[in-house]
Amino acid sequence: MPRNDWRYLRQVCFLSILLSFPAAAEKVLYLEIVINGKNTTQVLAVTQKENDWEVSAAELAALGIQLDFPHAERLLLSQFPGASVIYDETMQRLLLTVPGSALPMQNISTLARSAPVEPAHRDSGAFLNYDILVLDDTVTTQSSLWHELYWFENNFYMVNRAIARDGIEEAAGDKYLRFESYYQYDSQSGLWGLTLGDVINATPNWGSSIRMGGIRIARDYELDPNLITYPLPEFFGESALPGSIDLLINDQLRWRDQVNPGPFTINTMPYLSGAGIAEVVTTNVQGQQSRQKINFYIASEILSPGLLDYDMTLGVRRNEFGLASDNYADRPVFSSSLRYGLNSFFTPQLLLQGGEDLRLGGAGFSALAGNYGVFEFSHTESRYLEEKGRQQSIAYSYSQQRVGMSARYLTRAGMYRDLGNLDRGVLRDTQWQVAATYYQKTLGSFNLGYFRVHDEDLGRREFATLSWNRYFNSGITLFANINRQLYGDKGNVVSLAVSIPLGTRGQASVGGQRDIDDTWRTQLQAMSNAPYEGGLGWSLGADDAPERNLYANLDWRAKYYEASASLVRNNELKQVSGGLTGALAMMDKSIYPSRYLVDAFAVVDAGQPDIPVLIGNQLAGTTNAKGKLLVPDVYSHLENRIAIDPAGLPANAAIGSIEQMVVPKRKGGVHVSFPVRFLPSVLIDAFDIQQQPLPVGAVLTADVSEQEFIVGWGGEVYIEQLTEPMRLYWEEGDCVLNVNPPLEKTESLPRLGKIICQPVTGVDE
């Protein structure tokens, strides 16, 4: 056979033998999946196909991987764009690395906002704030009683504010003058309120608010103090491996947390307004860092997307507020305003008013100009007694850590009117307001302002002001100001002052002022605030004006009231006054004296007198003879930690909890009860038949319950829950003690005295 034919035959045989072997079998392995360095702790069935790996697409998606490319139910990882795979045979793991865009977005919030432990509520009751003032000027003596009476239930409260006066002249008004009375209902779930009675309508800042007698329905975001109504910046980043994130705001570390592989967004509250620079520093497990700087701007004028702010008020205008109690117009008027958060940079506004021959409509908006401030515009048309008028305003504001500026221009033309100006003359004027600020720690703070009004009747009025102040670490503050009048008798008013701290609660200052007529006046002042927990405060002052003014004041802050006395004297007047402020709260058919109640309060019942009560970590006082204490200055619609100090309770007192989280509604009180149970417990002195105390550590066993009691020093034994006669055996001494409950019940821990452990043989079985 030729050599070439032999070679061909050998190759054919070799291929036949090779093809006779079966193909390499597919392997199914159960492997732990690690994605971009993070162990998922999940084990999946993975099919090994030669040099490729096949997994279930559904199981891969369940791990958070986004498969945004065409794929079958079973996916070969080699078909995953940008992915790489390493098989860790020793640990039986599959190390999968995918692009960051395929990993889920992590929404990380630093606000840590959580729902209160319980819904806000208020119990039934009432309280009266009072402010008594007596004034004597050697000619007349006047006295007044300002009072605010609140009556509240869980869903509403009612208030009446008025002043009673004596010794005033008839021209000064009525002796009893009512300021306002209204009924208020708050819907915490809907964040809106209903007011009946004396109301004040709300408008955009280019509108006009007035007092009315009527009804008002309005959004009230104060019912949820944790709600942030303006857009917050979001910071984006991506981490290829597990690691940590540092968020720096204006070069100060504000937040730190861990992050998983993949993209992330951080929603944060930077605790500033205006422009700022955020830096997101991502550090992976290998120590590698990536930095990203982001400019942002926070504007409270912009509503968060989807938020709606509204006010609808219907009633009659109130006239001579503060002079007459019940002077209302005869014809009804209405006012309605609206703001809506269209998106994170644009908030449109609407205003409608009418009544008493007035029709008014206006529209405006607030817009965020990127990182360069807020721009506002409005246009309003009015028709009053068939005469037309219009108003336009435009404003701009910008603030930053060191620099701030604002400008506002407003013009009125024609016979413009709104509800707040129906009784005034024709509003035809132009107003300019400009302000600028600059702050540098070494140089201090500079403020520049300019104001101009051109009125057709009064002419032009124009002012400019420049001020500077510098605060030093020692507490000393320097201040200088120049006011320039730019119309009529032009001139400058110059003020200089220096303030020096006096301890932790007071300060002293000396200042001088040169008036527009070039006369100088020097003033000295000193003061010290009364401590919150109670004590003395004072203030005094004097100047070298022609009148030679002098004043002095003393304040005394007590547990249930604040008292003051003052003297004002100059060349023409000597006036002495005294005042007393406080409150009386009515709950539980009892009256509780208190300091002036501003928001909400709590009545704590500890069941025992002289028990210390704390709000937060601050001592609020001790309970009275009935075991109760009124705690003022409780924050409404927020969690308040109220606790008692159990050290003052008897030894046999048992209490379930020593602190509670309380969420009261505003303008009302809540009960906070710490129920105390008194265990029928006793102390005995256990002695043996030789009149010697049983040894320390001896174990006594009850015959029925088989409880064990340990003997202490001097034979003392503490026994809980002694409700019926008990026999205690001492096994080592082969004796028994007969213990009977005390005949008289007492809340203190009774000591039954010496009890002899009788030999068992001598005990009557």
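1. The largest pocket holds about 670 Å³ of space, where a pocket is an open set of points on a 1 Å grid over the protein atoms alone, reached by a 1.4 Å probe and with protein on both sides within 12 Å along at least five of seven lines, and where the volume is the space filled by probe spheres set on the points, joined across faces, edges and corners. This is a predicted model, in which local features need pLDDT of at least 70 and side-chain atom pairs count only at pLDDT 80 or more, while totals for chains, interfaces and linings use all residues. Residues are numbered from 1 along each chain as its sequence is written, and side-chain values use heavy atoms, with hydrogens and water left out.

2. The lining of that pocket comprises 32 residues, with Ala202, Arg216, Ala218, Arg219 and Asp311 nearest the centre; a lining residue has an atom within 4 Å of a point. Two or more lining residues come from each of β10 (156–166), β11 (176–187), β12 (192–200), β13 (211–219), β20 (308–318) and β21 (328–340), strands being DSSP runs of E with at least two residues, numbered from the N terminus. Strand β12 contributes the most, with six residues.

3. Five strands form an open sheet in the order β50-β49-β52-β53-β55, with antiparallel pairing (pairing requires at least two DSSP bridges between two strands). Because β50 (708–710) and β55 (758–759) stand at the edges with a single partner strand each, one side of each is left without a neighbour in the sheet. Strand β53 (residues 735–739) is joined to the antiparallel β55 by two bridges, and Val736 stands opposite Gln758 in β55.

4. Trp53, in strand β3 (residues 52–56), is buried at a relative accessible area of 9% (buried means under 20%, with a 1.4 Å probe and protein chains only). Beyond its neighbours within four places in sequence, Trp53 has contacts (heavy atoms within 4.5 Å) that include Leu29, Leu31, Val46, Leu75, Tyr87 and Leu94. Val85 lies 32 residues from Trp53 in sequence and 8.4 Å away in space, C-alpha to C-alpha.

5. Asp685 belongs to strand β48 (residues 682–687) and is buried, with a relative accessible area of 16%. Its side chain makes a polar contact with the side chain of Arg751 at 3.0 Å, a polar contact being a pair of N or O atoms within 3.5 Å, one able to donate a hydrogen and the other to accept it.

Terms used:
Helix = DSSP H or I, 4+ residues; strand = E, 2+ residues; numbered from the N terminus. Buried < 20%, exposed > 50% of the residue type's maximum accessible area, 1.4 Å probe, protein only.
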